[in-house]
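Below are some questions and answers for a reader new to this structure. They follow directly after it.

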Amino acid sequence: MEENPKEEVLIARNNETGQVGAVVGQNPDGTPKMADVKSTPLSELVKFTKGQNPLEAFTANFMRQAKNPTTFGIFKMSAGEYEALAEPMAEMLNDPETNKAMLDKYRVEPKAAGKKNTPVDPDLIDWAGIRKDCGLTRDDLEKSGALEQMLYNHKSPQLFNIKANIAGETFDVQARLSFRTNPDGTYSLIPHCLRKEPQLDQEYKGYTFNDADKAELRRTGNLGKVVELADTQTGEVQKSLVSIDRLTNEIVSIPVDNVYIKNKVANIELTGQEIAILKSGGTIREKQVELPNGRKFTADLQYNADKRDVVFISEPYRHRQTQEQAQNGEKQTQKPEQWLDDNGNPKRLKQWCKIPLSEQQQADYLAGKQIFVGEGKDRFGNDCTIYLKFDPQEKKPETTRVYPDRDNVVGIAEEHKTQVSVNNDGKTNEATKNVNEPLSKGQAEPKNEAQQQRQQRKPRTPKP
């Protein structure tokens, strides 16, 4: 077999066991599959064209997926050097510390394989141009704390008020900021302007969002799958992940080949299979998270194209006890999942507070409306009305007896309005203002002789 001088092959060493071998593939756990260098012919080795991206992709893949990327030392050489150097290198790898200087020439560093972006050099930033175009200085960004993150190829964590030139006119706008590399190696500023809402009805880089896509982006901030997007400048189509910038409502994407996922998120050690799921846009469900500050919770994990990192897309909310539970002596915490269906939408409720709900009430609740449930107890123990609405932020049904915009509530009984307004909202009813007692169900005037007498008394005028 004629050797191609432009091809490269890999030699690996397991730093824990000391095993050395030529790389002939990849194991299911992401580690390199090795064969004996003395007996394995060049034809069976994994080969790459020198400088070809698959070399980086292959080494990056198993170094990310292996439980510990430092477990294996990876070394590359040209295919033409394999027969002459493979065995001597295997011998040197039996004592890697002594032979470090010789081996470093062939070593593949995990850091390089990780595809991490090179930090921005602040001395190469066009600060004069930024001040002229946007009205911002280096000192402004440093004092805000944003510069440090921006130098590591992230957007500023907060919005800035900047000056933007549109069609020859200058406007004050709010935007997150990031740096762009110019052809001459310098960096300029890119504003990511605040939008009222994500523009999901428009085509994005050749892709049209369907209704399910829009719902998923609004619910989690991530599309949840890989799609093919066209580069706006070159037209090159790349498999990409898509997310929404929750601060600006900008649609953001990243090619899958550029996605870097660490083996560990907070306290969670990710397996090779889990990393593959995240790279495909999928979700890792219900992980027990412990943050460095000691905070613990259960959350779902998903990769976010805007943050360029794995994020917690949901966190079970510890529900407050409802007044019904408190009155019954019940104490329980509920996960938001029990109120949601498989698509993340509110589940249909057939009853609430032990009161059956009609088909119309159920439909109104699913539509996100505030509904009248029935009669219950107010905070004084008197009969009152109960209202229900699904809270999209907390992902749970919310029970209340005080509703500030009661005219928009579906199905409120007119006779209950005075009672709830007086007892719960602190309003005054002219016919009962001197009674000084909570009103009962449907009450709008004194209900007995004692209340009638108190109502007819004139309030005392305080002495000066």
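Q: What share of the accessible surface of the chain belongs to carbon and sulfur atoms?
A: The model is predicted. The accessible surface of the chain comes to about 27,100 Å². Of that area, the share of carbon and sulfur atoms is 46%.

Q: How many strands does the secondary structure of the chain hold?
A: The chain has 464 residues, of which 42% count as buried. Its secondary structure includes 13 helices. The strands come to 22.

Q: Which element gives the largest share of the largest nonpolar core?
A: This core has 20 residues, and those touching the most other members include Leu177, Phe179 and Leu189. Among the elements that give two or more residues are helix 5 (127-134), strand 7 (160-166) and strand 8 (169-181). The largest share is four residues, and the element that gives it is strand 8.

Q: Which residues is Leu189 in contact with, leaving aside its neighbours within four places in sequence?
A: Leu189 is one of the residues that touch the most other members of the largest nonpolar core. In soluble globular proteins, nonpolar side chains tend to be buried together. The contacts of Leu189 are Ile130, Cys134, Leu136, Met150, Leu177, Ser178 and Phe179.

Q: Is Glu274, the salt-bridge partner of Lys287, buried or exposed?
A: The side chains of Lys287 and Glu274 meet at 2.8 Å, N to O. Lys287 lies in strand 15 (residues 284-290) and Glu274 in helix 9 (residues 272-279), 13 residues apart. Buried means under 20% relative accessible area. Glu274 has 14%, so this residue is buried.

Q: Which residue of the salt bridge between Arg285 and Asp300 counts as buried?
A: The two side chains of this pair meet at 3.2 Å, N to O. Arg285 lies in strand 15 and Asp300 in strand 16 (residues 296-304), so the bridge ties together parts 15 residues apart in sequence. At 52% relative accessibility, Arg285 counts as exposed. At 6%, the residue that counts as buried is Asp300.

Q: What is the relative accessibility of Lys396, which meets Glu398 in a salt bridge?
A: The side chains of Glu398 and Lys396 meet at 2.6 Å, N to O. Glu398 is partly exposed, with a relative accessible area of 24%. Lys396 counts as buried, at a relative accessibility of 6%.

Q: Which residues do salt bridges that share partners join into one network?
A: Side chains of opposite charge can pair when their charged atoms come close. The structure holds 20 salt bridges. Those that share partners join Lys155, Arg176, Asp245, Glu250 and Asp306.

How values were computed:
Residues numbered from 1 in each chain as written. Predicted model: local features only at pLDDT ≥ 70, side-chain atom pairs only at ≥ 80, totals over all residues. Heavy atoms only, no water. Buried < 20%, exposed > 50% of the residue type's maximum accessible area, 1.4 Å probe, protein only. Areas by Shrake-Rupley, 256 points an atom, 1.4 Å probe, with all protein chains shown as cover. Core = buried A, V, L, I, M, F, W, Y, C linked by side-chain atoms within 4.5 Å. Contact = heavy atoms within 4.5 Å. Salt bridge = Lys/Arg side-chain N within 4 Å of Asp/Glu carboxyl O.
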